[in-house]
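Trainee: I would like to go through this structure and ask what stands behind each label. Please set the values against the cut-offs.

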Amino acid sequence: SSGINAECPLRPGFQVYPESPKQMELITEQATRCGFTGGVVVDFPNSTKAKKIFLCLFAGTPVANYRLPQGLGAEGSNTIQYGNDRFTGKKRKRNGDVTRKEWIQNKKQKMRAKGKDVTADSKYTARKRKPKF
């Protein structure tokens, strides 16, 4: 005896980290092709830090009234809308509109004011170096 009741379906749950909606669709599609039933459950769908995505599968003898578990922090819905909203637009500059070179020159001025030994400014100050392999 394997210890598994044939009438009680197995219900594994996996935490997944999809990079895009397309990837999540691919995962669920392949699971259903392999004979699993189930779906995706999202805990705290409105949070960026606490959001967790679970793939809940049912295997074995199908039960007529199986239900997915309710996600934590969800108000009646366990589906999530994917989008690339955070990747649209330009990269936000921090510290106002201070460029890298200006920041380095300000830092050197502060160090000089403290009496530290600082290398002189030149036309090569704050330039990126070539990658050397």
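Mentor: Start with a definition: a nonpolar core is a set of buried Ala, Val, Leu, Ile, Met, Phe, Trp, Tyr and Cys residues joined through side-chain atoms within 4.5 Å. Keep in mind that the model is predicted.

Trainee: Which residues make up the largest nonpolar core?

Mentor: Eight residues do: Val16, Met24, Ala31, Val40, Val42, Ile53, Leu55 and Leu57. At least two residues of this core come from each of α1 (21-33), β2 (37-43) and β3 (52-58). The largest share is that of β3, with three residues. In soluble globular proteins, nonpolar side chains tend to be buried together.

Trainee: Why is Cys56 called buried?

Mentor: Buried means under 20% relative accessible area. Cys56 has 13%, so Cys56 is buried.

Trainee: And what makes Cys34 exposed?

Mentor: Exposed means over 50%. The relative accessible area of Cys34 is 59%, so Cys34 counts as exposed.

Trainee: Why is Phe44 called partly exposed?

Mentor: The class lies between the buried limit of 20% and the exposed limit of 50%. Phe44 has 37% relative accessibility, so Phe44 counts as partly exposed. Phe44 sits in the loop between β2 and β3, and its phi is positive, about 50 degrees, although Phe44 is not a glycine. Most residues other than glycine have a negative phi.

Trainee: Why does Ala126 count as partly exposed?

Mentor: Ala126 has 25% relative accessibility, and therefore counts as partly exposed. Ala126 lies in the segment after α2. Ala126 is not a glycine either, yet has a positive phi of about 65 degrees.

Trainee: How does the reach of helix α2 compare with the span expected at 1.5 Å a residue?

Mentor: Helix α2 (residues 100-113) has 14 residues. The expected span is 1.5 Å times one less than the number of residues, given here as 20 Å. From first C-alpha to last, α2 reaches 20 Å, close to that expectation. After α2 comes Gly115, with a positive phi near 90 degrees.

Trainee: What share of the protein chain is buried?

Mentor: Of the 133 residues, 17% are buried. The chain exposes about 11,800 Å², and carbon and sulfur atoms supply 52% of that area.

Key
Residues numbered from 1 in each chain as written. Predicted model: local features only at pLDDT ≥ 70, side-chain atom pairs only at ≥ 80, totals over all residues. Heavy atoms only, no water. Buried < 20%, exposed > 50% of the residue type's maximum accessible area, 1.4 Å probe, protein only. Helix = DSSP H or I, 4+ residues; strand = E, 2+ residues; numbered from the N terminus. Areas by Shrake-Rupley, 256 points an atom, 1.4 Å probe, with all protein chains shown as cover.
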